[in-house]
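Visitor: I am new to this structure and would like a close look at a single part of it. Please take me through that part step by step.

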Amino acid sequence: MPPHNRKPNAKGAVEFIINEVMANPGEIGLFGIGPLTNIALALRMEPRLADAVAEIVIMGGAIGEGNTTPAAEFNLYADPHAARIVFESGRLTTMFGLDVTHKALATAERLAPLKHMGNKVADLVLRFLESYRGFYADVYGWESPAIHDMCTIAWAIDPLSSKRGKCGWK
């Protein structure tokens with residue numbers, strides 16, 4: 001990846017979430033692609049956050065299959081208390097569980113455009129997905145890996161999400 005000049009946020013993730021959302025009510029969505037600990041802590045520390053955040057979208061959970069236990073997906077299994085706080089926050093939360101994300105596969109056809117881009121980021125993504133492919137071949141017997149976390153971002157930028165407005169919110 002190209003070098004950057006940003007410094008780490010000295011206040012930490014939870015305070016950053018609270019400050020940014022509260023300074024921009026209705027403008028910022030939270031996208032959880034790992035355990036929901038930071039989002040849950042932010043919701044607990046600032047009770048008005050649930051009303052101020054535009055939306056919460058997560059990659060986590062499972063219906064009918066798990067990847068950590070037969071019934072549990074890692075992101076929610078890692079911090080079930082945080083997941084409960086998020087789901088009970090009062091803010092509508094869109095969940096992309098394994099039953100959905102296992103349908104979003106990085107097939108050769110879908111990756112073909114990246115191969116022709118010829119830039120460092122595309123090459124890096126292709127290398128990551130190639131190593132990920134081996135895991136899916138070994139564990140699931142699939143030719144293509146699932147791209148779980150990208151489902152949350154696709155939700156945000158999908159121009160066909162008619163009632164959601166630009167970037168997922170109005």
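Visitor: How do the residues of the lining of the largest pocket divide into nonpolar, polar and charged?

Guide: This is a predicted model, and what follows is computed from it. The lining of the largest pocket divides into 13 nonpolar residues, one polar residue and two charged residues. Together, 16 residues line this pocket, and the volume of the pocket is about 350 Å³. Nearest the centre of the pocket lie Leu129, Ile147, His148, Asp149 and Met150.

The lining can also be sorted by helix. At least two lining residues are supplied by each of α7 (108-115), α8 (120-140) and α9 (150-157). Of the whole lining, the largest share belongs to α9, which gives five residues.

For the setting, there is also a sheet to look at. It is open and has three strands, in the order β1-β2-β3, with parallel pairing. The edges are taken by β1 (29-32) and β3 (93-96); each has a single partner strand, so one side of each is left without a neighbour in the sheet. On average, neighbouring strands of this sheet are turned by 15 degrees against each other, direction ignored.

One pairing can be followed down to residues. Strand β2 covers residues 55-59 and pairs with β1 in the parallel sense over four bridges. Within β2, isoleucine 58 is the residue that glycine 32 stands opposite.

To return to the request, the lining of the largest pocket holds 13 nonpolar residues beside one polar and two charged, with five of the lining residues coming from α9.

Definitions and conventions: Residues numbered from 1 in each chain as written. Predicted model: local features only at pLDDT ≥ 70, side-chain atom pairs only at ≥ 80, totals over all residues. Heavy atoms only, no water. 1 Å grid on protein atoms, 1.4 Å probe; cavity = no way out; pocket = protein on both sides within 12 Å on 5 of 7 lines; lining within 4 Å. Points joined across faces, edges and corners; volume = space filled by probe spheres on them. Nonpolar A, V, L, I, M, F, W, Y, C, P; charged D, E, K, R; others polar. Pairing = 2+ DSSP bridges. Axes fitted to C-alpha atoms, helices over the stretch in contact; angles between N-to-C directions.
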